[in-house]
Amino acid sequence: RRSVPPLLSRLSEVKSGRVDYLGVSFGVTEKLFEFWSKLDFQPVYVRLSANDLTGEHTCVMLRVPESDKENSAWLSSYHEDFVRRFANLLG
């Protein structure tokens with residue numbers, strides 16, 4: 001009978017992969033938006049309709065890791081597109 005490898009490994013034994021971006025999604029409030037903005041996260045999406053339970057609009061914010069700042073042009077493009085579309089919605 002062959003030995004079956006374990007399904008789980010110790011985190012200290014696993015080599016980490018490359019991280020392209022960090023993301024967060026939350027029901028947007030002024031305080032939460034300010035908190036994530038201070039950590040260099042940029043908004044890329046806000047849901048137009050509010051959550052039925054909380055009344056908050058979902059916001060998605062992204063950030064490029066410090067080790068990959070030179071490859072962050074794609075995030076700037078997404079953020080600029082978001083700002084343009086959001087401003088158009090506001091009139």
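A residue counts as buried under 20% relative accessible area, as exposed over 50%, and as partly exposed in between. In this predicted model, Asp-20 has a relative accessible area of 38% and is therefore partly exposed, whereas Arg-18, at 60%, is exposed. The side chains of Arg-18 and Asp-20 form a salt bridge with an N to O distance of 2.6 Å, and the structure holds 4 salt bridges.

Helix α2, which runs over residues 73–90, has 18 residues and spans 26 Å from its first C-alpha to its last, close to the 26 Å expected at 1.5 Å a residue. Within α2, Asp-81 and Arg-84 are 3 residues apart, about one turn of the helix, and their side chains meet in a salt bridge of 2.2 Å, N to O. Asp-81 also forms a salt bridge with Arg-85, with the closest N and O atoms 2.8 Å apart, so that Asp-81, Arg-84 and Arg-85 are linked in a network. After α2 comes Gly-91, whose phi is positive, near 100°.

Arg-63, by contrast, lies in strand β3 and is buried, because its relative accessible area is 17%. Its side chain makes a polar contact of 3.4 Å with that of Glu-66, and among the residues Arg-63 touches, not counting those up to four places away in sequence, are Tyr-21, Phe-41 and Leu-75.

In soluble globular proteins, nonpolar side chains tend to be buried together.

Notes. Residues numbered from 1 in each chain as written. Predicted model: local features only at pLDDT ≥ 70, side-chain atom pairs only at ≥ 80, totals over all residues. Heavy atoms only, no water. Helix = DSSP H or I, 4+ residues; strand = E, 2+ residues; numbered from the N terminus. Expected span 1.5 Å × (residues − 1). Buried < 20%, exposed > 50% of the residue type's maximum accessible area, 1.4 Å probe, protein only. Polar contact = N/O pair within 3.5 Å; in protein donor to acceptor, adjacent residues only side chain to side chain. Contact = heavy atoms within 4.5 Å.
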